[in-house]
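Colleague: I would like to go through this model with you. Could you begin with how its elements are defined?

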Amino acid sequence: MSIEKVREYFKKFDKENSILEMDESTATVELAALALDTEEARIAKSLSFYGGDSAMVIVTAGDAKIDNKKFKEEFGVKAKMLSPEDAVKFTGHHVGGVCPFALPDNVKVYLDESMKRFETMFPACGSSNSAIELTLPELEKYSRNIKWIDVCKGWM
């Protein structure tokens, strides 16, 4: 199971017991916000895209949407999300549980500026009913992100 890979990954940081597993689904921003009793914007969406012969994961605030023009300016290609099958193939996580943790080394992770207005965020942990609350510095460290980027719109 993907959540077990994430739990194992967090052991090296002594954070495996910080993973929250809910009885209800957290597979969408709306469901995660309800399950975690927080605002949708504080749910860290992990969006997976094709990136050459591998994939990239962009983590955004729950209320943000990818801006295709900004994406193309940043990466030089049109944004194309992974199919559900390719999400599993490239990231090891199923859609609804894709997260920036325990990824293959060739998957690049980027954090979007839309999250910088919050002290903590709630990314998934490899399943459709899990999350972890992390500060932004923790999210940077544990996701092994390449850099902060600005490729979203629609958030306030």
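Modeller: Helices (H or I, at least four residues) and strands (E, at least two) are DSSP runs, numbered from the N terminus. This is a predicted model, in which local features need pLDDT of at least 70 and side-chain atom pairs count only at pLDDT 80 or more, while totals for chains, interfaces and linings use all residues. Residues are numbered from 1 along each chain as its sequence is written, and side-chain values use heavy atoms, with hydrogens and water left out.

Colleague: Where is His94 placed?

Modeller: His94 is in the loop between helix 4 (84-91) and strand 5 (108-112).

Colleague: Is His94 buried or exposed?

Modeller: His94 counts as exposed, because its relative accessibility is 54%. Buried means under 20% relative accessible area, exposed over 50%, and partly exposed in between (1.4 Å probe, protein chains only).

Colleague: Changing topic, how many aromatic pairs are there in the whole structure?

Modeller: A search of the whole structure finds ten aromatic pairs. Rings of Phe, Tyr and Trp (its six-membered ring) pair if their centres lie within 6.5 Å; planes under 30 degrees apart count as stacked, over 60 as edge-to-face and the rest as tilted. One of the pairs is Phe13 with Tyr142, which is tilted because the planes are at 50°, with the centres 4.6 Å apart.

Colleague: Which parts of the chain does that pair link?

Modeller: Distant ones: Phe13 is in the loop between helix 1 (2-11) and strand 1 (20-21), and Tyr142 is in helix 5 (residues 136-143), 129 residues apart. Phe13 is partly exposed at 23% relative accessibility, whereas Tyr142 is buried at 5%.

Colleague: What about Tyr50 and Phe90?

Modeller: Tyr50 and Phe90 form an edge-to-face pair, with 6.3 Å from centre to centre and 85° between the planes. Tyr50 belongs to strand 2 (residues 43-51) and Phe90 to helix 4, so the pair ties together parts 40 residues apart in sequence.

Colleague: And the sheet: what is the strand order?

Modeller: The open sheet has six strands in the order 8-6-2-3-5-9, with mixed pairing. Two strands pair if DSSP finds at least two bridges between them.

Colleague: Which strands stand at the edges?

Modeller: Strand 8 (134-135) and strand 9 (148-149) do; each has a single partner strand, so one side of each is left without a neighbour in the sheet. Strand 8 runs antiparallel to strand 6 (residues 120-123), joined by two bridges. Met121 has Leu134 in strand 8 as its bridge partner.
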